[in-house]
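Open your viewer and get the cartoon view ready.

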Amino acid sequence: MENLKSLRSNVLQTAYEWCISNGKVPYICIRYTEPLLVLKPYVKDGLVTLNLGLHSAVNFTMDDEYLSFDVRFNGVSSSLLIPIVDISAIFPREHPYESIRFNLSYRNEGDTETSKEEVKELKDKSFLKVIK
């Protein structure tokens, strides 16, 4: 499964660099987790959208495991450390329909297996439909 993390981080890095080099503002959509308390007021359906633009995400770094950067929310500075596996999408603000989406059901090593109920819930939320 290590290759999946590496592939996801490489796709994210490429999309981020494409946005910046083309004068677009990159945004990411992440799964909200309790350590990110500063984001709680911005959670919608368990997800948070963040601006990664050069003026918004200061000291931005990305590796195979995490994104980290400094941001301001209502005038208060915060440092964020976001696991790559919690990122569900990256897209340019100017063209949100050109998003790259990722499956959030991916599990870290040591996590419990995805239950049958979770798999059914993910299938029910899928935007793809089988046509016979």
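How many helices and strands does the protein have? It has 2 helices and 7 strands. Keep in mind that this is a predicted model.

**The whole chain.** Follow the cartoon along the sequence. The pattern reads α-β-β-β-β-β-β-β-α. Now show the surface. The protein exposes about 9100 Å², and carbon and sulfur atoms supply 55% of that area. Buried residues make up 31% of the 132 residues.

**Strand β4.** Select residues 66-73, which form strand β4. Show the side chains. Which of them are buried? L67, F69, V71 and F73 are buried, and they point to one face.

Next, select residues 58-62, strand β3. β3 and β4 run antiparallel, and 3 bridges join them. The two strands form a hairpin with 3 residues between them. Click on V58: opposite it, in β4, stands D70.

**On to β5.** Which residue in β5 is the bridge partner of D70? It is S79. So much for the pairs; now look at the turn. The β4-β5 hairpin has 2 residues between its strands. Select N74 in this turn: its phi is positive, about 50 degrees.

**Last stop.** Zoom out and show contacts. Take those with a separation of 6 or more: residues 24 or more positions apart account for 49% of them.

Key:
Residues numbered from 1 in each chain as written. Predicted model: local features only at pLDDT ≥ 70, side-chain atom pairs only at ≥ 80, totals over all residues. Heavy atoms only, no water. Buried < 20%, exposed > 50% of the residue type's maximum accessible area, 1.4 Å probe, protein only. Helix = DSSP H or I, 4+ residues; strand = E, 2+ residues; numbered from the N terminus. Pairing = 2+ DSSP bridges. Contact = heavy atoms within 4.5 Å. Areas by Shrake-Rupley, 256 points an atom, 1.4 Å probe, with all protein chains shown as cover.
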